[in-house]
Amino acid sequence: IRCWSNIPFITMPLSRAHGKSFAHRSELKHAKRIVVKLGSAVVTRGDECGLALGRLASIVEQVSVLQNQGREMMIVTSGAVAFGKQRLRHEILLSQSVRQALHSGHSQLKDMAIPVLEARACAAAGQSGLMALYEAMFTQYSICAAQILVTNLDFHDEQKRRNLNGTLHELLRMNIVPIINTNDAVVPPPEPNSDLQGVNVISVKDNDSLAARLAVEMKTDLLIVLSDVEGLFDSPPGSDDAKLIDIFYPGDQQSVTFGTKSRVGMGGMEAKVKAALWALQGGTSVVIANGTHPKISGHVITDIVEGKKVGTFFSEVKPAGPTVEQQGEMSRAGGRTLAALQPEQRAEIIYRLADLLTDQREEILLANKKDLEEAENKGRLALPLLKRLSLSTSKLNSLAIGLRQIAASSQDSVGRIIRRTRIAKDLELEQVTVPIGVLLVIFESRPDCLPQVSALAIASGNGLLLKGGKEAAYSNQILHHLTQEALSIHGVKDAVQLVNTREEVEDLCRLDKLIDLIIPRGSSQLVRNIQKAAKGIPVMGHSEGICHVYVDTDASVEKVTRIIRDSKCEYPAACNALETLLIHRDLLRTPLFDQIIDMLRVEQVKIHAGPKFASYLTFSPSEVKSLRTEYGDLECCIEVVDSVQEAVEHIHKYGSSHTDVIITENEETAEFFLQHVDSACVFWNASTRFSDGYRFGLGAEVGISTSRIHARGPVGIEGLLTTKWLLRGDNHVVSDFSEHGSMKYLHETLPLPQRNTN
């Protein structure tokens with residue numbers, strides 16, 4: 001028997017055979033029976049006298065949500081001493097004020113001293129009120145709660161332990177939430193160094209070991225321990241180098257330094273870890289998290305159960321590779337080394353990668369074939385996504401050409417001087433291009449994205465984290481292996497990392513200390529989810545590709561069908577494919593209009609009619625459900641407009657600021673369209689499909705941005721750079737430039753060095 005606090009622990013509980021805890025956070029959503037342990041700091045107010053009612057109400061709401069999902073919830077709670085202390089202080093103040101008012105007058109009320117309150121008396125006064133509060137809160141969700149008070153003696157007696165087990169099982173069977181606490185009114189006195197030391201210190205019995213014991217006794221799937229810290233750190237929280245440990249494994253205790261205990265209560269982090277490891281040994285998964293942070297406490301419990309990266313997760317299964325946090329640090333260090341290379345060396349890496357794409361073509365296509373076969377067998381991908389997933393010899397050749405283009409154009413990308421100013425005599429300022437830092441690129445069903453983005457990151461000296469879809473796992477694995485092989489020629493293999501762990505995208509978006517820019521490549525839903533989940537990290541991209549082609553009255557018959565066919569049919573799954581065709585009203589019932597319709601029918605394009613177009617027809621195609629639809633297939637909407645002005649207004653109202661086209665021979669009308677349409681790409685007599693980094697001569701793109709900050713349109717190397725300022729002086733100080741100083745500002749613009757345009 002081992003004793004932690006005053007509760008005895010038997011190495012393996014007699015009532016339970018050894019179980020198996022969850023190996024990964026993503027499995028926590030399958031937890032059926034859950035114990036939530038509320039630490040003293042969670043339940044009590046900041047003044048350590050009374051309960052944090054708002055926080056407690058939020059916790060009850062989350063527990064109720066999970067209970068109503070069919071889970072079996074139990075709460076191990078502190079707070080009786082705090083609640084009782086509040087009540088007793090009120091009674092003492094009231095009693096003293098009456099006596100002093102009778103004997104000494106009102107002037108001495110402010111000098112009243114409140115005696116030190118004995119913890120057991122506080123518990124006796126607070127237990128009934130605490131339980132009444134829980135009952136009132138749970139009643140709001142039509143849930144019944146029951147109180148169970150235990151003492152150390154209950155764990156010494158085998159019969160009492162069996163009775164406790166039976167009571168808890170019966171309550172759970174009746175869909176009642178048991179609320180368990182140590183009976184602090186009769187417990188032995190606390191240890192001397194943990195006793196009450198004044199009116200502002202609350203000593204509440206440590207419930208960590210109690211929660212762990214009950215969790216294992218009841219064969220619980222998950223134990224959630226809520227405290228006033230985010231989780232377990234590798235050094236005391238608040239120290240300069242302290243890092244939150246995402247996953248803690250048995251045997252890692254030696255690498256952790258424990259700090260002081262919580263501001264209230266008996267349990268410090270060391271006690272929590274010991275209790276957590278004991279529960280883990282008994283087959284119960286454990287998460288230690290912050291239950292007091294105002295931004296997360298309202299959903300911390302439900303987030304944990306959903307498998308989100310919150311707090312520290314205790315697991316017996318250690319992954320073979322590095323964690324995503326370690327990968328981020330490796331990418332940061334590798335990126336800095338990459339940026340310090342000579343431009344020719346970075347170009348050499350990209351040339352090598354281009355060669356590998358063609359030299360290892362058979363291996364790449366074999367891996368891609370496995371992905372395609374699995375996707376088709378499971379039937380989990382729509383036809384447009386299958387097309388994006390597929391690689392071919394021609395695709396690989398095009399990729400290699402694009403990569404060589406990037407290598408050739410990247411010679412003076414990093415460290416290029418874009419501004420020089422003479423501030424004063426011998427004081428010169430330069431603005432130079434530098435990498436952004438670490439990029440996180442999240443892509444789905446697009447394995448060809450991996451070498452493209454890698455080459456752009458290498459050319460711009462950025463570290464790179466790649467998160468691909470599981471549907472392209474084999475393709476991504478070999479392409480990443482080839483990328484690292486190319487990077488190895490100059491010792492910067494770690495600069496590009498492929499995240500293979502079970503990290504949820506939302507969790508990756510929270511790594512604001514490791515990631516400087518997120519670039520999503522995928523469906524509009526993926527982009528929207530990432531934009532919503534990103535916490536303090538900029539997101540560059542577009543959520544939708546609703547591209548328009550407007551056919552003007554002065555359009556050329558020969559150009560119209562060619563441009564429309566190419567825009568819609570050449571690759572309908574692309575984000576730069578035509579989705580809405582706007583036709584001037586005067587073209588209806590003309591030979592040109594008939595040619596457009598005939599061509600679309602021949603190409604088997606399904607037509608949806610916009611409201612105005614449908615009003616002109618006796619028998620119209622299916623009316624469009626929304627004018628803001630990205631079909632991503634051989635479908636499009638046709639709508640009628642009265643003028644180029646109305647076309648522009650329609651695009652602004654229903655478009656996504658991606659790519660929009662006008663077909664006309666009237667230069668004045670075309671210029672009006674080009675100047676007034678507020679999209680990233682606006683074309684005249686050219687297919688929407690030209691909106692592409694390779695076709696723009698950028699070599700490749702990390703994506704197309706529709707935002708208005710930093711980069712817009714197809715984003716190549718330039719969009720992955722930022723700047724820094726270099727000031728070179730000679731004993732210059734600002735005071736010399738004051739009104740009576742000896743120096744004057746010159747602010748002269750200096751010529752820039754000649755760029756290498758080869």
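The charged end of Lys370 sits over the ring of Tyr474, at 5.4 Å from the ring centre; the term applies if NZ of Lys or CZ of Arg is within 6 Å of the ring centre and within 35 degrees of the ring normal. The model is predicted, so to be counted local features need pLDDT of at least 70 and side-chain atom pairs pLDDT 80 or more, while totals for chains, interfaces and linings use all residues. Residues are numbered from 1 along each chain as its sequence is written, and side-chain values use heavy atoms, leaving out hydrogens and water.

Turning to ring pairs, rings of Phe, Tyr and Trp (its six-membered ring) pair if their centres lie within 6.5 Å, with planes under 30 degrees apart called stacked, over 60 edge-to-face and the rest tilted. The count by this rule is six aromatic pairs. In one of them, the planes of Phe593 and Phe613 meet at 70° with centres 5.9 Å apart, so the pair is edge-to-face. Because Phe593 belongs to helix α20 (residues 591-602) and Phe613 to helix α21 (residues 611-615), this pair ties together parts 20 residues apart in sequence. Helices here are DSSP runs (H or I, at least four residues), as are strands (E, at least two), numbered from the N terminus. Both Phe593 and Phe613 are buried, meaning under 20% relative accessible area, with exposed over 50% and partly exposed in between (1.4 Å probe, protein chains only).

Phe683 and Phe696 also form an edge-to-face pair, 6.4 Å centre to centre with 65° between the planes. Phe683 is buried at 12% relative accessible area, whereas Phe696 is partly exposed at 40%.
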